[in-house]
Amino acid sequence: MERRTIGAATLDVGAIGLGCMPMNWAYTGSRQRGEESLRAVHAALDRGSTLLDTADMYGPFTNELLVGRVLKERRSEAFVSTKVGLLVGEQHIVANGRPGYVRRACDASLRRLQTDVIDLYQLHRADPEVPVEETWGAMADLVSAGKVRSLGLCAVGARSARRSGARLHDGTIRQLERVQQVFPVSAVEAELSVWSTEALDALLPWCAARGVGFLAAMPLGNGFLTGTLTPGEGFEPDDLRARHPRFTAEMMAANQSIVVGLRRVARRHGLLGNTVTPAQVALAWVLAQGRHVVPVPGAKRERWVTENAGAAGLRLTAEDLAEVAALPGAQGSWD
Ligand SMILES: NC(=O)c1ccc[n+]([C@@H]2O[C@H](COP(=O)([O-])OP(=O)(O)OC[C@H]3O[C@@H](n4cnc5c(N)ncnc54)[C@H](OP(=O)(O)O)[C@@H]3O)[C@@H](O)[C@H]2O)c1
């Protein structure tokens with residue numbers, strides 16, 4: 001698989017990563033597919049998808065434990081990204097950016113991941129009660145201590161961005177400017193896909209101008225862009241899509257034209273003798289947004305992981321990219 005070198009700490013990874021979140025969190029059936037998920041992580045490494053993206057919050061904790069089972073056997077083949085700063089409380093998810101907590105959380109992540117170093121340690125969300133420089137300083141100390149190789153920042157959550165009334169990523173860029181004064185940012189993680197393109201306006205250029213890598217979260221539109229979901233499909237209450245405005249039957253029907261467009265491009269490439277899927281076109285589109293971009297599609301099935309890794313070999317033409325750019329914008333808000 002093509003490799004991409006990103007960030008101040010020159011992170012060298014396969015062009016398509018693996019989002020491990022759906023294996024234990026946020027999607028229907030997440031908790032019942034342990035063995036299948038393990039096979040999926042192994043399949044990713046087998047195919048060169050070396051970047052494994054997890055977080056202590058996913059599960060909580062079980063996602064890191066799962067990734068740790070693979071790292072125990074194949075640490076040298078993997079690039080592990082995990083996150084700190086969000087805790088699952090009784091009622092709500094809460095932020096904690098206190099330095100002492102960050103230090104303890106890192107040690108706990110290292111234990112669960114069965115490794116002595118985390119390749120990319122990301123601040124999941126800044127704590128409104130703690131200056132972000134303070135949290136970032138504690139994370140930088142972990143680099144000095146050899147527990148972490150590089151630091152990343154996840155974009156401000158969509159809901160809080162909307163509350164501020166500014167453009168989606170303005171708050172994230174402000175945070176980035178602040179933490180850069182303390183210690184270099186190697187990567188930013190934010191949503192980017194054919195149906196969520198807000199990061200293209202300012203965040204992606206900000207990263208490109210500073211040699212900061214960009215991890216594209218939700219590059220398959222939470223599965224919608226793969227064309228395998230049908231309008232009216234019911235989601236279990238623990239599935240994030242049960243409450244997502246774009247996943248009502250009405251919005252899924254209204255947005256089908258996007259999938260139709262991806263399928264059209266896929267069919268054109270498929271004519272060359274191989275099968276190309278809408279998911280692969282969606283990922284190839286993300287890859288085409290910059291050499292510093294690495295999509296982290298989430299999947300818990302080996303079959304999807306293999307298919308998604310295959311997108312690294314798909315080169316979209318200028319005509320394909322223009323066709324995707326001309327697709328109707330998504331209906332329904334992003335959160
Ligand atoms: N930093 C942050 O705040 C943040 C927020 C959200 C996500 N993330 C990261 O981004 C990663 C990706 O986001 P995501 O998983 O929510 O969304 P996604 O990658 O857009 O979509 C994941 C969904 O697509 C399905 N899927 C994957 N490949 C497929 C294929 N080839 N054909 C059909 N269906 C396919 C998966 O199914 P199965 O589950 O059945 O395999 C899963 O339901 C996460 O895993 C996480 O690491 C980060």
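**A tour of a pocket and a ligand site**

The lining of the second largest pocket is made up of 11 nonpolar residues, 4 polar and 1 charged (Ala, Val, Leu, Ile, Met, Phe, Trp, Tyr, Cys and Pro count as nonpolar, Asp, Glu, Lys and Arg as charged, and the others, Gly among them, as polar). You are looking at a predicted model, where local features need pLDDT of at least 70, side-chain atom pairs count only at pLDDT 80 or more, and totals for chains, interfaces and linings use all residues. Residues are numbered from 1 along each chain as its sequence is written, and side-chain values use heavy atoms, with hydrogens and water left out.

**Stop one: the pocket**

This pocket holds about 200 Å³ of space. A pocket here is an open set of points on a 1 Å grid over the protein atoms alone, where a 1.4 Å probe fits, with protein on both sides within 12 Å along at least five of seven lines; lining residues have an atom within 4 Å of a point. The volume is the space filled by probe spheres set on the points, which are joined across faces, edges and corners.

Now select Val194, Thr197, Trp285, Val324 and Ala325, the closest to the pocket's centre of its 16 lining residues. Then colour helix α12 (residues 318-325), which gives the largest share of the lining, 3 residues; helices are DSSP runs of H or I with at least four residues, numbered from the N terminus.

**Stop two: the ligand**

Next, show the ligand with Arg301: an N or O atom in that side chain is 2.9 Å from a ligand oxygen atom (a polar contact is a pair of N or O atoms within 3.5 Å).

How values were computed:
Helix = DSSP H or I, 4+ residues; strand = E, 2+ residues; numbered from the N terminus. Polar contact = N/O pair within 3.5 Å; in protein donor to acceptor, adjacent residues only side chain to side chain.
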